[in-house]
Every structure is written in structure tokens, then in C-alpha cells.
Amino acid sequence: MSQVNSNNRGQKLAYLLSLFMVATPQLGHTQALEAKATQSHAAHEHQVGEKTYVCPMHPEETSHEPGSRCPKCNMFLVEQESETSETTGAAEHEVKTYVCPMHPEETSHEPGSRCPKCNMFLVEQESETGETTGVAEHEAKTYVCPMHPEETSHEPGSRCPKCNMFLVAEEEEESTSTKAQPEMDHSQHDPLAQAKPAPLTGEPSIKYVCPMHAHIVSDVPGTCPICGMNLEKVEMSADSQQIEIDVSGSMQQALALKVAKAEKDTLWKFVQTVGQIGYDESQINHVHARVNGWIEKLAITSVGDKITKGQLLYEIYSPDLINAQDDYLLALSSLQSSKESRNYQDLVRKAGLRLELLGMNQAQIKRLAKTKQTQYRVPFYAKADGIVKALAVRDGMYIQPATEVMSVVDLSKVWVIADVFENEQSWLATGQPTEVSVPAMGLKGIEGKIDYIYPELDPVTRSLRVRIVLANNEVALRPNTLAKIEIYGGPNEDVLVIPQEALIQTGKENRVIVKQGDGSFLARKVAVGMMSQGKAEILSGISEGEQVVTSGQFLLDSEASLKGSLMRLSSGHQH
């Protein structure tokens, strides 16, 4: 038994020994792989720790993994410069300058900086070598005068031969002009430094002003420190009410100045307006039947038919008219049988009056009394001449007293309703003569008079309606036709007038430009009276015989306004 156990123990030991021999190479291989992986991971971590990847658009997004993408814009992250490269290139960064593409004045020596205005990345500025290579490009630039584009040059810092302004590059006029300012030396010829307050002695003073920058004022000639233009001479009168402007003869020709004399003349209150021809409403007659009945025969066919007094209009069958005729015949018979009794005479009179009130005329009533036969179709006739304006019935229609059978208007007279502006209503009066023209019909010079002035203005057009009555015996004027109307008022005799275009109306005051004998010009305030027929009455401000500018006066007035501002400016202290 002990021998068997010893044999089994020996077999187990042999089995375990063989199993250990098999597993030992695998275990060694596994340990070697683990050690190698650990070393490679450590080396990778060491390498990754040295490199950082950043997004070009979003620098705040970084990673240590190569090939990563930005979570915002999905761009590949690019490698950031290492510390060693930064240290080696420190000297280079110290000399490099970075500038904003949109705002060149924003610069920095730090790479990756942003513009504080537009937040763009600053880009590296060209080095000295790049500037030397761009000399040819700089020489090729064209410089042009802002005031005279025909004056050009390829030399920087050149001046215009006409106005003495600095020529600026065509593509960068504003930036070049601003950069040219520091280069100018005004230590000796600074007009602002030499400007002095104007003397308050009442004598004329001379100032020099920049045409482009009116706030640049000097007591001595020179150039503008902003644009470089020659300062223009401005002579100011001591009288603050009269501002003098000197214009050379060539400039007067260039401005095409025209003048006219102030002279005495007669101004007529003259209104020229438009109106519309209409019916004379007092000549419109409305035809109604005074009984109920049926139209048996209509003698009028259409609107616009001309009718004459006594012409048959229509025939009507009406039971009321038949009964009225029978009553009239019965009253006549009773009067004859009673041998002219007074009571029956009054009965006949009332029966005849009833027929007349129902629409029958005296001739029809006499015919009825003579024939003693009742008319079943009673005719009705026109009471005046005219034109059918409206026709509302036809044959066979049943009508009532409220039914308008037709309307007839007499066109021997017509009305013209004219619209007059609100500010001209004081010139109008009843009985004023007028002339009416109808261009569409070739009619001119039809004389008439103002018959009526309506008491209220049109709330929409702010115009006043005026009624003019015209004779129309030949029926040449047709209603609803447009007409031109001229209304003549009373004369305003022996008044001082000037052409209306010479006035400069600002809303607060009226001014004119007066030409003096020496060729200079004065701006004066004037009081204006009536304006009519292209002329304006002058109440005060100028005298008879003086010449006023009628063309180009607005340019001279602008110059006068500028001088007035200079006078107010020079009367105090200049800073």
C-alpha cells in the first residue's frame, strides 16, 4: 500500500515538472511583451508630452494626439512650436512684426496675436528684403489730385500744380493723405499758429481760408495743414449786414452769372389756374308725373336729345286723370242745367284747377271743355328748351309721383368751377374779369366774370372754389371739359420789382446778391411784398437801379454764408 502511494506521488511530481517546463517559455514571452509595451508607451507619452496640436481658427482647442480635429470647425489640429524651437527662434521673433490686414495701425511682436478691433490674426510684416524688392512696385504707383483728377504723378509727395494739394495714391486716397500730414513741416508756416483775433476797429479785415476745410483760418497766406491747398483770400466788410464777395472775371464767366436791374413797374394781381365746365344748376328741370299710371308712348329716345318748348314728351294712361276729367265735365253739365248758378261756377273752377295741378295745361283743359270727351291717354309737353340730361323711363313702365321721368337742362349758360390756391384768395372778388380757354376744343379768350366765391376751402386740396358764368348760345362748351382760367385783379402801380428767380428764399428770410460797381458782390436781406407774373415786389433792402444776380446767386450766397461764419469766428478768440 505504501509502495502504491509512493508511486502515485512520483507520477504527480513528474506531471507537475513537465507542466512547468511547458508553461515557462510562454510566461517568459508574455513578460517580455509586457515590458516592451510598457517601454513603448512610456516613450510615446514622452514624445506626445513634447508636442501640442492647436486649431488654426480656435486656438483654445488643443490636443496631444496627432491627427485630431477641432470640435468646433472640424479642421485638423496643427503642431504648435515646441519650446526648443521657440528658444532657438527667440532672436527671430524679437525682430518680426505682425500687422492686422484690415487695420495696419494695429501691430505686435508676438506671433499668434489678434487685432483688438476686428479679432483677425496678425500676419507677419514684410522684412527689409521684401521692402527692397517692392521698390519697383512703389515707383509704379500713380498719385492723383483729389480736386483735379487729371493731374497725376508717379513721385510720392508731389503737389497739384493747380490747387497745391498733395497728390494721393489712387487706391488709398484717404490713408495716404492722413499719412502725409506728419511728413509736413509747418514749424515756420503754420497758419493756425500765426492766426490772430480780428481787430474790432470797424475796418474791413482780410482772412485766408482753406477751400476744403473752412475751419482753417489764418491772417497770413499759406497752405492748409490738412490737405496742403493754398489758403484763399477772403475780404470781410466791417458792416455785418453786408457781406462782400470778390469774384474774378474768369470765375464769373465760368459760373455764368447773370444780372438784372431793380426797377419800378406795375404788378397785376394775376391768377392762372384750371377748372371744369359744368351745368348751370339753376337751369336744370326735373320732370315728374303727378299721378299714378303707365307710359303709353315715350317721345324721347335717349339722353342728349335736344328738345324745344311745347314738344311732346310722353303720353300716360292714369285712372286718376280720367276721374278728374269726368268730374270736370260733370261740373260743366251741372252749371249749364242750373242756369249759371254761382255755386256751380265755383265747382267748375275747382275741377279745372284740379286738372291743372295734375299736369294738364290750359290748352288741354279748354279742349276738354269744348269736346266734352275724356282723354284716356293724356299727353304731356316740354315747358322749356334744353337737352335731356337723364332719362329714367321707357314705354309701358308704371310710374308714380316719386318717379323722375327725365331731367332737362338749358345749356345757353354754363358754369366754370375754378380752384384757386389758398394764399391767393385775398386777391379774389365778385365781378372780377376772367378769360377762359379750352385747349381740347380750340377755344380761347372767352370772357366771363366771377359770379360767386364759395365760402369754404376744400379740406383735401386746400383750394378755394370760384364760380364763373359763361354764355353758351352756340352750345360750344361741353360740361365736364377741363379749362384754363386767368383771373385778373387790381393793379399795384409804381412798385420796385426784381425777377422772382433772383430771390434766395430760406424760409426765415429772403436775400439777394447785389453786384457793385467795382465788380464785387454783396449779400443783402430784403423784404418781399407781392409776387406775380414772375416778378417780386421789394419793400426794402435795395434801391432802384441796383443790379441783382439772377443766375449763379446760390453759389455766391454760400460764399457769403461762409464769410458770415468767419466774421462771427474772428470776432472772438481762435483756439
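I looked up Tyr488 first: it is partly exposed, with a relative accessible area of 28%. For these labels, buried means under 20% relative accessible area, exposed over 50%, and partly exposed in between (1.4 Å probe, protein chains only). Phe270 is also partly exposed, at 21%.

I noted that this is a predicted model: local features need pLDDT of at least 70, side-chain atom pairs count only at pLDDT 80 or more, and totals for chains, interfaces and linings use all residues. Residues are numbered from 1 along each chain as its sequence is written, and side-chain values use heavy atoms, without hydrogens and water.

I then checked the rings. Rings of Phe, Tyr and Trp (its six-membered ring) pair if their centres lie within 6.5 Å; planes under 30 degrees apart are stacked, over 60 edge-to-face, the rest tilted. I found 5 aromatic pairs in the structure. Phe270 and Tyr488 make a tilted one, 5.4 Å centre to centre with 45 degrees between the planes. Phe270 is in strand E15 (residues 263-279) and Tyr488 in strand E28 (residues 482-499), so this pair ties together parts 218 residues apart in sequence. Strands here are DSSP runs (E, at least two residues), numbered from the N terminus.

Tyr452 and Tyr454 have ring centres 5.2 Å apart and planes at 80 degrees, so I logged the pair as edge-to-face. Tyr452 is partly exposed at 34%; Tyr454 is buried at 17%. The charged end of Arg465 sits over the ring of Tyr454, 4.1 Å from its centre. That term needs NZ of Lys or CZ of Arg within 6 Å of the ring centre and within 35 degrees of the ring normal.

How values were computed: Helices (H or I, at least four residues) and strands (E, at least two) are DSSP runs, numbered from the N terminus.
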